[in-house]
Amino acid sequence: MDLKHIRLEPMTEAHLTRVLEIEGDVFSTPWTSEMFTQEVEGHLGSRPIVATLLGKVVGYAIAWFFDEDVHLVNIAVARRLQSRGIGKLLVNDVVREARKRDKEVITLEVRAGHAGVQVFYRTFGFRGIGLRKGYYSDNREDAVLMILELVRQAPAPRAGGRESNAR
Ligand SMILES: CC(C)(COP(=O)(O)OP(=O)(O)OC[C@H]1O[C@@H](n2cnc3c(N)ncnc32)[C@H](O)[C@@H]1OP(=O)(O)O)[C@@H](O)C(=O)NCCC(=O)NCCS
């Protein structure tokens, strides 16, 4: 599999059969078909995307875009294609869009026991800022709340303008 053959595109109803297969395979408490349908319909500022390989869905990411922040609520890559860079493409796309829309932060929750997934998020600059106790319904596992602060570009000083007093 060559990453240059991966395409990112908006998730549609047509993708949901394969999305649900991946979801059921990788998560212990998978989202339902109705939940994905709401996302595709744009519920809560949702921006669902899929990664496809030769037209077939191999991963997806769903982020909710609020006024100032973005919440990454779901991301998965088909088990047999994990650890080949597809997750990175998906997260980078969310980060790029969040910067484009001038958002301040991206947040997400990850299982406290999933150290590897936390390492994955840290590669983008996410850091843990707290625990949500007993967040997951299946085993009452804690969630680690992670945040990525998106640095806004300061406006360029006007030509000939005075220097700011702020040091
Ligand atoms: C988490 C997930 C989306 C990552 O996608 P992926 O395609 O496997 O990840 P990538 O190959 O893009 O990895 C990107 C980076 O994270 C690192 N990484 C990924 N998974 C890792 C793991 N389990 N442990 C340590 N590092 C990991 C890789 O080393 C890579 O860094 P590099 O490019 O500098 O080498 C995917 O593994 C998955 O679907 N997991 C099951 C579902 C899940 O847990 N979703 C997250 C819920 S919060």
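**Note on the ligand site and its pocket**

1. A backbone N or O atom of Gly87 lies 2.7 Å from an oxygen atom of the ligand, a polar contact in the sense of a pair of N or O atoms within 3.5 Å. An oxygen atom of the ligand is also 2.7 Å from a polar backbone atom of Lys88. At Ile75, a polar backbone atom is 3.0 Å from a nitrogen atom of the ligand. On its own the ligand has 920 Å² of accessible area, and the protein covers 70% of this; such areas come from the Shrake-Rupley method with a 1.4 Å probe.

2. This is a predicted model, in which local features need pLDDT of at least 70 and side-chain atom pairs count only at pLDDT 80 or more, while totals for chains, interfaces and linings use all residues. Residues are numbered from 1 along each chain as its sequence is written, and side-chain values use heavy atoms, with hydrogens and water left out.

3. The ligand is surrounded by 19 residues, the closest being Val77, Ser83, Gly85, Gly87 and Lys88; a residue is near if one of its heavy atoms lies within 4 Å. By class, this shell has 11 nonpolar, five polar and three charged residues, with Gly counted as polar.

4. The ligand takes up the space of the largest pocket. A pocket is an open set of points on a 1 Å grid over the protein atoms alone, where a 1.4 Å probe fits, with protein on both sides within 12 Å along at least five of seven lines; lining residues have an atom within 4 Å of a point. A molecule sits in a pocket if more than half of its atoms lie within 2 Å of its grid points. Strand E4 (69-77), helix H3 (86-100), strand E5 (105-111) and helix H4 (115-122) each give two or more residues to the shell around the ligand. H4 supplies the largest share, five residues.

5. The largest pocket holds about 1200 Å³ of space, and 37 residues line it, with Phe27, Asn74, Ile75, Val117 and Tyr121 nearest its centre. Helix H1 (16-26), E4, H3, E5 and H4 each give two or more residues to this lining. E4 gives the most, with seven residues. The lining divides into 19 nonpolar, 11 polar and seven charged residues.

6. The chain as a whole has four helices and seven strands, taken as DSSP runs of at least four residues for helices and at least two for strands.

Technical notes: Polar contact = N/O pair within 3.5 Å; in protein donor to acceptor, adjacent residues only side chain to side chain. Points joined across faces, edges and corners; volume = space filled by probe spheres on them.
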